[in-house]
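This report describes the surroundings of one residue and the confidence of the model that contains it. The sequence and structure are shown first.

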Amino acid sequence: MRNPFRRISTTAGIVGVMLLAMSQTSAIAVPERSAPPPAPVPTPAPAGGEASSRNSGSPENGRAPSAVCFFQTMGDYVHISGSAFEASGHGWWINGNCNATLAIVTVQLQQYYADGTWRNAGTAGSATVRSGGGAGNRATGRAACANGSLTGWRSVVDVDLVGLADDPGKLFTPGQNIYCRR
């Protein structure tokens, strides 16, 4: 079988890998020029390996639109856990002006496959947490590594405000290549 990858370089001297063709659908590293994730596309990640998206919520009792509130869905890049040989990703929320003190945060990890799709992997993590993040105030999704092959990972973070209806938007963190394959 011929090598399905071709080495490419840019004028900036960056070397990457581009997928040419592949008949299998095994998990692989995310190619440098992979297709973008389905909408909504997250805002660019701020420094520190985090991504975020803006969301809104409104009271379930049908008050006027002026009662709409805003919050941010946050997530870090999928990484190898420091305590076990597994992929790990965290999600949390930051309150803008919502009359809510708690939210149910769910984090589902996804692995990238040769057919260009992202597929759920591992166990989704869910936690009811206060705004702000940090240890003990976030949800964690996990997926055990079967081996140390370079593979593309991302997470999908959903925040549901407790006591308020909110938009269905989810955060898709940018794909990361880590040495963990499920």
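In this predicted model, the side chains of Thr 151 and Arg 181 form a polar contact at 2.8 Å. A polar atom of the Thr 151 side chain also lies 3.1 Å from the backbone oxygen of Ser 149. Thr 151 belongs to strand 10, which spans residues 147-161.

Thr 151 has a relative accessible area of 0%; this residue is therefore classed as buried, since the value falls under 20%. Leaving aside residues up to four places away in sequence, Thr 151 touches Ala 27, Ile 28 and Ala 29, Gln 111 and Tyr 112, and Gln 176, Asn 177, Ile 178, Cys 180 and Arg 181.

Pro 31 is located in the loop that links strand 2 (15-19) with strand 3 (50-59). Although Pro 31 and Thr 151 are 120 residues apart along the chain, their C-alpha atoms are separated by 9.8 Å.

| Residue | Relative accessible area | Class |
|---|---|---|
| Thr 151 | 0% | buried |
| Pro 31 | 10% | buried |

How far does confidence extend over the protein? The mean pLDDT is 78, and 69% of the residues reach 70 or more. Residues 34-47 have pLDDT below 50, and this stretch makes 17 contacts in the model beyond near neighbours in sequence. Residues 60-66 also have pLDDT below 50, with three contacts beyond near neighbours in sequence.

Key
Residues numbered from 1 in each chain as written. Predicted model: local features only at pLDDT ≥ 70, side-chain atom pairs only at ≥ 80, totals over all residues. Heavy atoms only, no water. Helix = DSSP H or I, 4+ residues; strand = E, 2+ residues; numbered from the N terminus. Buried < 20%, exposed > 50% of the residue type's maximum accessible area, 1.4 Å probe, protein only. Polar contact = N/O pair within 3.5 Å; in protein donor to acceptor, adjacent residues only side chain to side chain. Contact = heavy atoms within 4.5 Å. pLDDT = per-residue confidence, 0-100.
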